[in-house]
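User: Please take a close look at the part of this model described below. I would like one connected account, with each term defined where it is used.

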Amino acid sequence: MDDRTFRNAMGKFATGVTVVTTEFQGEVKGMTANAFMSVSLNPKLVVVSIGEKARMNPIVKQTGKFAVNILAREQEDLSRLFAGQLKEEKKVDFQWVDGHPILPDALANILCNVHSSYVAGDHTLYFGEVTDILMKDEAGDPLLFFEGKYRSIAKE
Ligand code: FAD
Ligand code: NAD
């Protein structure tokens, strides 16, 4: 099977979009990821899948912590930025919570310590034990990803 068939099929699975963030040697590093999942309630675990070639991969391995920022509809530009799809560099104002750099206007910020990791093919699954969660009081719409394109929830 060719890669395009696989990606096209996986693209039929509509997801939200996250930016995984961490701090390493005084610098903030972020990476757009839609391979994110809730795993366990007791203990509270989530998982993100990070490509072996991504610069983020060795960084999370070393820091042992990361935050998952669930993007709002209005944050498409941040998704593009942290996927390396913007030509220009952009300064991002991170908020700091318990040593985690987080994106302030995300729908939720999930702070994690790496619980375990598992190399699976050309990605590593990082399981995160959730240490804290920040969430907006007001309801916001999520940024969605479907068939390789950004989408939003249709208004009723
Ligand atoms: P880098 O090239 O190091 O960084 C990516 C970009 O983020 C760069 O342009 C950099 O300037 C910017 N950036 C980083 N830190 C900062 C900062 N502090 N301030 C401002 N800008 C900063 N890949 C996966 O492995 N797993 C996934 O689940 C996944 N899902 C994706 C979902 C979508 C919708 C998209 C578009 C891409 C996804 N990717 C995923 C691909 C991944 O986001 C890119 O390949 C990414 O560029 C690889 O990360 P890197 O660590 O090598 O990036
Ligand atoms: P696309 O058509 O490549 O993505 C559709 C779906 O395919 C994604 O939602 C994901 O489930 C899967 N996918 C894509 N690349 C993958 C990879 N390298 N490993 C595992 N699954 C993958 O969409 P696009 O707009 O062309 O994507 C933009 C860029 O972001 C591409 O370079 C793509 O490889 C990357 N991306 C990577 C992942 C990932 O590593 N898990 C996920 C999404 C997008």
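Analyst: Two strands pair if DSSP finds at least two bridges between them, a strand being a DSSP run (E) of at least two residues, numbered from the N terminus. The model is predicted, so local features need pLDDT of at least 70 and side-chain atom pairs 80 or more, while totals for chains, interfaces and linings use all residues. Residues are numbered from 1 along each chain as written, chains are lettered from A and ligands numbered from 1 in written order, and side-chain values use heavy atoms, without hydrogens or water.

Three strands form an open sheet in the order β1-β11-β12, and their pairing is antiparallel. At its edges lie β1 (15–16) and β12 (149–151), each of which pairs on one side only. Between β1 and β11 (residues 144–146) there are two bridges, and these strands run antiparallel. Within this pair, T15 faces F145 of β11.

The largest share, six residues, belongs to β3. Around ligand 1 there are 25 residues (a heavy atom within 4 Å), and those that come nearest are V28, T32, S49, G51 and R55.

A backbone N or O atom of G51 lies 2.8 Å from an oxygen atom of ligand 1. For K29, a polar side-chain atom is 2.9 Å from a ligand 1 oxygen atom. In N34, a backbone N or O atom lies 2.9 Å from a nitrogen atom of ligand 1. Taken alone, ligand 1 exposes 990 Å² (Shrake-Rupley, 1.4 Å probe), and the protein buries 75% of that area.

Technical notes. A polar contact is a pair of N or O atoms within 3.5 Å; within protein, one must be able to donate a hydrogen and the other to accept it, and residues adjacent in sequence count only if both atoms are side-chain atoms. Helices (H or I, at least four residues) and strands (E, at least two) are DSSP runs, numbered from the N terminus.
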